[in-house]
Amino acid sequence: MKRYLIFGYGAISYAVFLVAFLYAIGFVGGILVPRDVDHGLTASLGEAVVVNVLLLTAFALQHSVMARPGFKRWWTRFVPPSIERSTYVWLASAVLLLLYWQWRTMTAIIWDVHQPVARFVMWAMFWLGWAMVFSATFMINHFELFGLQQVYRAWRGKPNPDQGFRTVLLYRLVRHPLMLGFIIAFWATPTMTAGHLLFAVATTGYILIALQLEEHDLEEALGDTYRDYRRNVPKLVPVPHRRHHAKLT
């Protein structure tokens, strides 16, 4: 019974993630959702800035604190390791859903592209960014990243294998293609409102800070393997003349 509960918990957490992820596309792009980054709750400019910044800060803190190895070691004294990732996933998704629900409208137009070809290019970049995000998760291990592999193996009574450090496809061009995809998707819009700009600036700033923390953790865990990879592969912007020799595992 415990194994079935663990698997069910992981499956529900993954379903919540899918809802939050799909809504994120609609939220940023203003596509088929009741509230988006340009059309949230009505508020004064001051209230909108304060509330939106608090919502973004809540997501950043939850996302960063729970991802740190020290927190994971403490957290798994109370939460079984098999559901640690699923718990992280559903809490992150819950904070995102809260952000979508409580986002305040900031309507000032920063730029508005009218030229049809330029608008098409903006939308193409938007979808390219989301495609990069989604595909990058499978280039590492999508199901481990979102906790399904851990609960599945707990259900089967098998330990989680150590898959080692892998650099495949986009990870041979940049170290963080998933985050690069987010940045592209957040900034590629033909109509940039003040609310969208706040969202894009805050999330990009968070990504740049979070990557510093993540790479520090990876160096601590992987040592020279990650240091060599870091020296030879750019972080976010592909540089054609740089050649890497990261070991494939």
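This section describes helix packing, aromatic pairs and selected loop residues in a predicted model.

Two packed helices are described by the angle between their axes and the distance between the axes. Helix H2, spanning residues 45-65, packs against helix H9, residues 194-222, at an angle of about 20°, and the two axes are 11 Å apart. Angles under 35 degrees count as roughly parallel, and H2 and H9 are therefore roughly parallel to each other. The crossing of H2 past H9 is right-handed. On the H2 side, the contact involves Asn52, Val53, Leu56, Phe59, Ala60, His63 and Ser64. These residues meet Leu198, Phe199, Ala202, Thr203, Tyr206 and Ala210 of H9. Sorted by class, the contact of H2 with H9 has nine nonpolar and four polar residues, with no charged residues.

H2 also packs against helix H4, residues 81-102, with an angle of about 175° and an axis separation of 10 Å. This angle makes H2 roughly antiparallel to H4, since angles over 145 degrees are classed in that way. The H2 residues in this contact are Val51, Asn52, Leu55, Leu56, Ala58, Phe59, Gln62 and His63. Their counterparts in H4 are Tyr88, Leu91, Ala92, Val95, Leu96, Leu98, Leu99 and Gln102. The contact of H2 with H4 has twelve nonpolar and four polar residues, and again no charged residues.

Aromatic rings with centres within 6.5 Å were taken as pairs, and the count comes to 26 aromatic pairs. Among them, the rings of tryptophan 74 and phenylalanine 78 have centres 5.1 Å apart and planes at 65°, so this pair is edge-to-face. Tryptophan 74 has a relative accessibility of 39% and therefore counts as partly exposed. Phenylalanine 78, at 52% relative accessibility, counts as exposed. A further pair is formed by tryptophan 130 and phenylalanine 182, whose ring centres are 5.8 Å apart. The planes of these two rings stand at 85°, so the pair is edge-to-face. Tryptophan 130 lies in helix H5 (residues 116-140) and phenylalanine 182 in helix H8 (residues 177-187). The pair therefore ties together parts that are 52 residues apart in sequence. Both tryptophan 130 and phenylalanine 182 are buried.

Most residues other than glycine have a negative phi. Leucine 32 has a positive phi, near 60°. This leucine is found in the loop between helix H1 (2-29) and H2, and at 87% relative accessibility leucine 32 counts as exposed. Leucine 169 also has a positive phi, near 50°. The position of leucine 169 is in the loop between helix H7 (148-156) and H8. With a relative accessible area of 61%, leucine 169 is exposed.

The loop between H1 and H2 also holds aspartate 38. Aspartate 38 has a relative accessible area of 17% and is therefore buried, the cut-off for this class being under 20%. Leaving aside residues up to four places away in sequence, aspartate 38 touches Thr105, Thr191, Thr193 and His196. Aspartate 38 and phenylalanine 146 are 108 residues apart in sequence, and their C-alpha atoms are 29 Å apart in space.

How values were computed:
Residues numbered from 1 in each chain as written. Predicted model: local features only at pLDDT ≥ 70, side-chain atom pairs only at ≥ 80, totals over all residues. Heavy atoms only, no water. Axes fitted to C-alpha atoms, helices over the stretch in contact; angles between N-to-C directions. Helix = DSSP H or I, 4+ residues; strand = E, 2+ residues; numbered from the N terminus. Parallel < 35°, antiparallel > 145°, perpendicular 65-115°, else oblique. Left-handed = near helix turned anticlockwise from the far one by under 90°. Contact = heavy atoms within 4.5 Å. Nonpolar A, V, L, I, M, F, W, Y, C, P; charged D, E, K, R; others polar. Phe/Tyr/Trp six-rings, centres within 6.5 Å; stacked < 30°, edge-to-face > 60°. Buried < 20%, exposed > 50% of the residue type's maximum accessible area, 1.4 Å probe, protein only.
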